[in-house]
Amino acid sequence: MARKPRSVHTCSECGYSSPKWLGRCPDCGSWGTLVESALAPKAGGAAVAAVSGSVPTGLTPNAPATPITQISGSVATSVPSGIAELDRVLGSGVVPGSVVLMAGEPGVGKSTLLLEVASRWASLSGRKALYVTAEESAGQVRVRAERTGALKETLYLAAESNLDVVFGHVDQVKPSLLIIDSVQTMHAPGVEGVAGGVAQSRAVTAALTTLAKTSGIPILLVGHVTKDGNVAGPRVLEHLVDVVLNFEGDRQSSLRMLRGIKNRFGATDEVGCFEQTAEGIREVPDPSGLFLSHRGRTPDGSAVTVAMDGVRPLLAEVQSLTVDPVAKNPRRVVTGLDTNRVPMVLAVLQARAGERSNEKDAYVATVGGVRITETATDLAVALATWSSLHERPLPPKTVVIGEVGLAGELRRVPNLGRRLAEAARLGYEYAVVPAGEKLTVPGMRVAEASTLREAIALVSQG
């Protein structure tokens with residue numbers, strides 16, 4: 001009787017391996033995630049010799065090792081993709097031979113964005129782009145391209161899920177950019193398992209990575225995510241690719257953010273801003289306008305601050321509404337801010353500044369659906385609440401930045417100079433910041449305060 005080939009069970013969430021099937025992964029605790037796949041053959045040659053204690057002998061390399069000083073760096077020079085916000089996150093553009101994995105929730109706009117990338121790429125002289133879809137038909141993608149204005153003669157489209165056939169399309173078209181939508185729906189012949197499984201996802205990504213490195217064609221991959229927001233499939237996918245991007249957004253908002261999780265060619269603290277419209281994905285080079293409900297006089301209960309998203313300063317508006325409580329215990333409703341931080345700031349406002357904020361129902365929110373978690377918005381929350389309590393607006397064209405301590409002191413925040421420069425660029429003329437920075441911003445009057453009480457006195461004077 002033929003012996004059954006040996007297999008291993010691998011967790012699709014964390015990559016844990018077990019020789020037998022288990023209902024629950026011992027490493028991450030997930031249920032039903034262990035998938036069976038064929039075990040890799042035993043190592044031979046030098047590896048076996050090293051284990052046995054004999055002198056290992058290796059194979060003759062095709063090309064000798066080269067001193068690093070003699071290797072040209074021109075092969076890693078980035079090429080603009082045609083979308084400035086994507087180039088910002090990637091570093092300065094698309095690097096030839098790189099593999100970029102873009103993950104995001106269903107319906108966030110990953111396919112629409114990459115179709116726009118392919119269209120912009122194909123619109124440049126001498127460039128061809130090949131868009132391979134395994135989730136939709138060619139007609140569906142054609143309808144979307146027509147709606148978003150992405151029809152180009154040098155943009156080629158193929159509806160295929162067989163990886164070998166995709167390689168055939170690459171040989172025929174010879175594109176300078178390849179987009180795969182998505183990596184979890186591609187199937188590699190000769191590899192056991194279903195599409196999207198551990199073995200298939202690993203084999204497909206490894207084959208596409210090899211194609212990119214040997215041909216110099218940059219490849220953009222669409223990746224699914226789990227319910228926890230992580231890239232679906234084995235963790236090795238993120239190790240194989242060069243760049244991992246996360247495309248995120250709220251279903252109730254048209255704003256989309258592109259963030260870098262891993263980038264071998266640049267920093268991961270950049271963020272790209274896009275807006276989902278009926279005509280497709282639109283770049284937002286100046287997103288601060290989306291988070292401000294006004295550009296003139298500030299209404300009651302409103303304060304403008306500057307938050308940092310990576311290295312990008314974004315002006316955001318914090319609004320607060322205080323009313324008499326209906327129940328015995330005052331309510332605290334927070335949207336877009338840290339739900340634990342806001343009640344603490346309101347408590348400091350009452351204890352250290354003498355305001356009766358804890359006796360009112362307080363509704364604190366940001367404008368435009370932006371979410372801010374950094375402590376630099378503490379002062380904006382406190383002054384917006386003070387403005388609502390007294391029904392007095394803050395001075396016009398004013399920004400407030402600072403962290404509030406439990407003793408009522410104002411603490412410094414990082415990148416204050418960059419924040420104020422962004423506010424001045426958008427026309428703001430007055431700023432209240434923590435004391436000690438001694439910054440000079442052209443066109444802006446900067447007032448320093450050591451405590452929350454001093455900050456209230458500054459804005460009350462105008």
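**Two helices crossing**

I started with helix α8 (residues 341–353) and helix α11 (residues 452–461) in this predicted model, where the axes come within 9 Å and cross at roughly 85°. The axes are lines fitted to C-alpha atoms, for helices over the stretch in contact, with angles from 0 to 180 degrees between N-to-C directions. That makes α8 roughly perpendicular to α11 (65 to 115 degrees counts as such; under 35 is roughly parallel, over 145 roughly antiparallel, the rest oblique).

Which residues make the contact? I noted Val348, Leu349, Arg352 and Ala353 on α8, and Leu452, Arg453 and Ile456 on α11; contact means heavy atoms within 4.5 Å. I sorted these residues into five nonpolar, no polar and two charged. For that sorting, Ala, Val, Leu, Ile, Met, Phe, Trp, Tyr, Cys and Pro are nonpolar, Asp, Glu, Lys and Arg are charged, and the others, Gly among them, are polar.

**Ground rules**

I number residues from 1 along each chain as its sequence is written, and side-chain values use heavy atoms, leaving out hydrogens and water. Because the model is predicted, local features need pLDDT of at least 70 and side-chain atom pairs count only at pLDDT 80 or more, while totals for chains, interfaces and linings use all residues.

**The whole chain**

I found eleven helices and 21 strands (DSSP runs numbered from the N terminus: helices are H or I with at least four residues, strands E with at least two). The C-alpha trace spans about 85 × 55 × 50 Å along its principal axes. Of the 462 residues, 45% count as buried, meaning under 20% relative accessible area with a 1.4 Å probe, protein chains only (exposed is over 50%, partly exposed in between). Among contacts between residues at least 6 apart in sequence, 64% join residues at least 24 apart.

**Rings**

I looked for aromatic pairs and the count came to one. Phe247 and Phe274 sit edge-to-face, 6.0 Å centre to centre with 75° between the planes. The rule takes rings of Phe, Tyr and Trp (its six-membered ring) with centres within 6.5 Å; planes over 60 degrees apart are edge-to-face, under 30 stacked, the rest tilted. Phe247 is in strand β9 (residues 243–249) and Phe274 in strand β11 (residues 271–277), so the pair ties together parts 27 residues apart in sequence. Both Phe247 and Phe274 are buried.

I also saw the charged end of Arg127 over the ring of Trp121, 4.1 Å from its centre (the cut-off is NZ of Lys or CZ of Arg within 6 Å of the ring centre and within 35 degrees of the ring normal).
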